[in-house]
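Trainee: I'm new to this structure, and I'd like a close look at the sheet. Could you walk me through how the strands are arranged and what packs around them?

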Amino acid sequence: MSDRELQRLDFLKTAGLADAVRTPLAGDASTRRYERLRTADGRKLILMDQAPAEESAVAPEDADADQRRALGYNAEARLAGGSVAAFVAIAGWLRDKGLSAPTIGARDTVGGLAVLEDLGDDVFASHDRDLQTIYGAAVDALAGLHEATPPRVIEADGERWPLHRYDGLAYRAGLDPFLEWWPAFAGLPAPSDEARAEWTALWAPVIALGESAAPVFVHRDYHAENLLWLPGRSGLARVGMIDFQDAVSGHPAWDLLHLLQDARRDVPPELETAMLDRYLAARGPALDRETFLHDYRALAALNAARILGRVFARQEVLFRRDRYTAFMPRTWRHLERNLGRGDLEGLRGWFDRHVPAGARAAENRS
């Protein structure tokens, strides 16, 4: 029995859950793991397990760019490193806003363990019908969140967590790994210094767009596998939210483009258009329509490149997590569609020169 399992058993005993039946749940690309707990009286709970030693350091509140680079990827990208304290604080803050984030039972934030409310299994990704209703609720929840100026620090449920700004260094930390991991995955030569310099220059205006908008609360992983449909609740609370511990403040398009250009499932173009219209109508004069839609497409292109390199190709090359290859063609389609705009033609040309069509599909890699 591993030391970590002994920690889990001790934690569950202290929480009065030593006799609960434990069932592992499917994981994701992170170092977190989850189990469903079923007690003798029929209650269902979730055990969240985030071993602290499996993550690099996170950014202190006042860290500058050089300090963040020295600390590693989590600090550069302003990720929470799976922090249980971040999850607890943000969950409490979201619930205070009338949204459905899990309530927290027993927790050991230093040890990386917590017992959560079980919001069920009815994830958006399991729905093929009535998408207008469930996606409309998800968009309404974002619009409601975005009406408020995000706090610099979130304090809730006895925990405190900084809500960092999603800044240029964070964008670059996610985007630039494409230059390493997609060539490694697709069997392409490493980009030349000239190609790298061109990449940096071409993406700079897009990153500037991301930094320039009035910031809102950004969940950061707002897609169909992290949202649960709770029809027994009312209003905005019908949307259950998980996996929000990496939240930041940033551009209002960021969560929308994750939802509507989902790497893991097809979202019909007419639904994307309808939901963008719904969001803009809800925000009213707070946003200029043409500016917002321009930013949305440009940032969606950046996000597609980020996912293809830092997430999908890296997971495949390092860990042989082959399930991600199934998502690659869809994500390339998102990228190509977004780069079809005239003002992004320089980026489209970069990809045409350095990642030809035959090196974009997973089945064609060498």
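Mentor: Happy to! Keep in mind that this is a predicted model. The sheet is an open one, built from 5 strands in the order S1-S2-S3-S5-S4, with antiparallel pairing. Strand S1 (21-24) and strand S4 (104-108) stand at the edges; each has a single partner strand, so one side of each has no neighbour in the sheet. On average, neighbouring strands are turned by 25° against each other, if direction is ignored. As background, the strands of a sheet pair through backbone hydrogen bonds, either parallel or antiparallel.

Now look at one pair inside that order. Strand S2 (residues 33-38) runs antiparallel to strand S3 (residues 44-49), and 6 bridges link the two. Within this region, Leu37 stands opposite Leu45 in S3.

Next come the helices. Helix H1 (residues 3-14) lies across S1, S2, S3, S4 and strand S5 (113-117), and runs at about 50° to S5. Helix H4 (residues 84-96) also packs on the sheet, where it touches S3, S4 and S5. The direction of H4 makes about 160° with that of S4.

Finally, a word on the nonpolar cores. The largest one has 100 residues, and Leu94, Tyr135, Trp182, Trp203 and Phe351 touch the most other members. Helix H11 (residues 289-319) gives this core its largest share, 15 residues.

Definitions and conventions: Residues numbered from 1 in each chain as written. Predicted model: local features only at pLDDT ≥ 70, side-chain atom pairs only at ≥ 80, totals over all residues. Heavy atoms only, no water. Core = buried A, V, L, I, M, F, W, Y, C linked by side-chain atoms within 4.5 Å. Buried < 20%, exposed > 50% of the residue type's maximum accessible area, 1.4 Å probe, protein only. Helix = DSSP H or I, 4+ residues; strand = E, 2+ residues; numbered from the N terminus. Pairing = 2+ DSSP bridges. Axes fitted to C-alpha atoms, helices over the stretch in contact; angles between N-to-C directions. Contact = heavy atoms within 4.5 Å.
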